[in-house]
Amino acid sequence: MQSLVIVAHGSHLNPDSATPTHTHADTIRATGAFDEVRTGFWKEQPSLREVLRTTHGDEIYVVPLFISEGYFTERVIPRELRLEGWEPELWNSDGISADTATLVASDIDKEVHYCGPVGTHEAMTDVLVRRAESVTGDPEVGNGFGFAVVGHGTERNENSAKAIEYHTERLRDIGRFDEVKALFMDEEPEVDDVTHHFDSEDIIVVPLFIADGFHTQEDIPEDMGLTEDYRNGYDVPATVDGHRIWYGGAVGTEELTADVVLERAADAGADIGDAIARVRQRTNPATQVAGE
Amino acid sequence: MSVADATLSETQLAAFREQLAAEPIEYDGLAADYDAAEDTYSIETPDHQTSLGAAELSTVAGEQAAYISNWYFYTQQVTTERKHAFCRWLELADDRSVPARYDDLESGIDREWGELTITTTLAADGDRRYEIRHVNDSDADGDALTMHTDPFDARDIGTRDADGRYRPLRTAPSLDSGWIFPKLTAAEVYEAVEAFYPATIVNWHREQRGDLDIDHWRDEQDRQSGIYNLITVLPDEAVEWAAAACCDDSQCLKRREWQLSEDEPLAAEGGDCVFPCREPCSMVVAAGREWAKLEREDTQTYEFELTPSEKEQIEAIIDAVADGTVDDIREADLSEGANRYRARYLREKRFDDDGNLSGTPTHPDGHDDDSK
């Protein structure tokens, strides 16, 4: 019996924080690839301390719904899950290459496969592209468009910027968008000056965040000048300094993120059949009707 | 379906034969065996003993059929130990014999789990069906409630209270009512309860088995890192106040089992809910961090001019906020200290232009006042 456990931050204040976690769990549950899909949170229930004991499986895959490697993935989650003998070196990562480590969780006296975060998986680049398509409503979007990937910055965690740079580079390599840049909230180049960094008239802006919240719904729209007051909302696209800004919000809310969770588990050895292909089809607006 | 009407389906009989071909059955008052040499089945229940030829097995009915369908449900359909224990608890299986239960299940057996009323009934084949509704809707007409069939809907129902406010603590006694899950299977009732009250079944089950692991406050302190390290300086007496403030049944239904340490019990009420709380939750830790910051301040002596009624009014306002009764105080009920007009009047009378009570500065020595 195979169990998937998606672990995420959650919030005491914002009910939307856990929404992507639940949505992706539902998407994966519907594929039937796992006998059970459980969710656990740092700030909500079930807690990270107690999520493993809610599982029934023999093969347990834990996927952190986090953007980067750092304090939470390396320290908090392994400690709270009680992964015996954990040390970050087991991932043998350069900050963006964590894959999986198999350790005994003393809470349940069973081995679990502890995977790297979704945010640094290469498939996350596809989710950014999908968000560009969904925010513009154009499955072919690219030509004539700039793409800004937005991150928090290095203030608290240098790997956070590495993840942003990684996907920016990959998007650039695809060659689909005219320009691709990494922008940050608390360091240069800043998202506040988004229009200074692009020649393209149309700019897609997607924060590499898991959930929508204070930063993605209030700070970034106001900082970019999409709106004076976030409570009044903003247009998509909104015109700023002669550029059209297509602001996509947190990438982690894109349904295709479920695919990255599956990829992580599959990389760790989970037998998921054709679930990845089915999730890709199911979450694709272009094939959704056929998929249903 | 009463015990007298119980019969067995082909599927149940096939499972029964298959199990007996491998080994005898002993479950919940049923003892059965298969004699291959004679090709006969012996079935023993508390009041009946029968021996049947293989061809006659399908004629088993009534009480013995009830015992067999009960065996089938609990061993072939409910397959994990935890779900098994929970479903048995739901129908009071440890307290009543199979026939007595089957009779009671005809009208339904009700159990409460937090703010849930869970009713178990029998389907025609001895399978169980479960209904969940809010305890406050116990007497409501089911048709008047919003019907749900997907157990994961429970997650959305539990996200906000009746006023639409977010419930960060799913075990808070603020579950909205007005919904019903009329017909769930055993697997579905487990998932729905897990969604309403995450991890409560597993912790209840561990406690039932006598192996609930409790992490006390001092364990929690020792485990923290980052900004929550601060709770290590929270004074012991403040932990007592925190437990009374946060873990009372009026705030969280879980029965608090954690103490200051294994040898240092807290005096605060832990509650009497069926499911336990085995360690300080993230809300208590986050609150503890704030109190740790506040408790670093030294006390100071202030002098305020208040009438006796005004002093009592301040106490009434604190009570109203702490008990969550502010919204219950009627707009024109000026006899209530926490009435809005009364509070506004007191502010007009007793606050100076800087918002200081009785004009008394918070920091008389000219210290920067960050709190205002």
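This passage walks through two parts of a predicted model: the way chain A splits into domains, and a pair of packed helices in chain B.

Chain A comes first. Its domain assignment gives domain 1, made up of residues 2-120 + 254-291, and domain 2, which covers 123-253. Between the C-alpha centres of these domains of chain A there is a distance of 25 Å. As for how they meet, 29 residues of domain 1 of chain A touch 24 residues of domain 2 of chain A. Putting the two together buries about 2,100 Å², with carbon and sulfur atoms giving 59% of that area. On the domain 1 side, A:Ile67, A:Ile96 and A:Glu254 stand out: they supply 32% of the area this domain buries against domain 2, more than any other three residues. The interface between the two domains of chain A also holds 2 salt bridges. Elsewhere in the list of charged pairs, A:Asp126 is joined to A:Arg280 by a salt bridge, and their closest N and O atoms are 2.8 Å apart.

Over in chain B, the helices to look at are H3 (residues 81-90) and H6 (residues 186-196). They pack at an angle of about 90°, with axes 10 Å apart, so H3(B) and H6(B) are roughly perpendicular to each other. H3(B) brings B:Arg82, B:Lys83, B:Phe86, B:Cys87 and B:Leu90 to the contact, while H6(B) brings B:Ala186, B:Val189, B:Tyr190 and B:Val193. Sorted by class, the contact of H3(B) with H6(B) has 7 nonpolar and 2 charged residues, and no polar ones.

How values were computed
Residues numbered from 1 in each chain as written. Chains lettered and ligands numbered in written order. Predicted model: local features only at pLDDT ≥ 70, side-chain atom pairs only at ≥ 80, totals over all residues. Heavy atoms only, no water. Axes fitted to C-alpha atoms, helices over the stretch in contact; angles between N-to-C directions. Helix = DSSP H or I, 4+ residues; strand = E, 2+ residues; numbered from the N terminus. Parallel < 35°, antiparallel > 145°, perpendicular 65-115°, else oblique. Contact = heavy atoms within 4.5 Å. Nonpolar A, V, L, I, M, F, W, Y, C, P; charged D, E, K, R; others polar. Domains from an automatic or database assignment. Buried area = accessible area lost by both parts, 1.4 Å probe. Salt bridge = Lys/Arg side-chain N within 4 Å of Asp/Glu carboxyl O.
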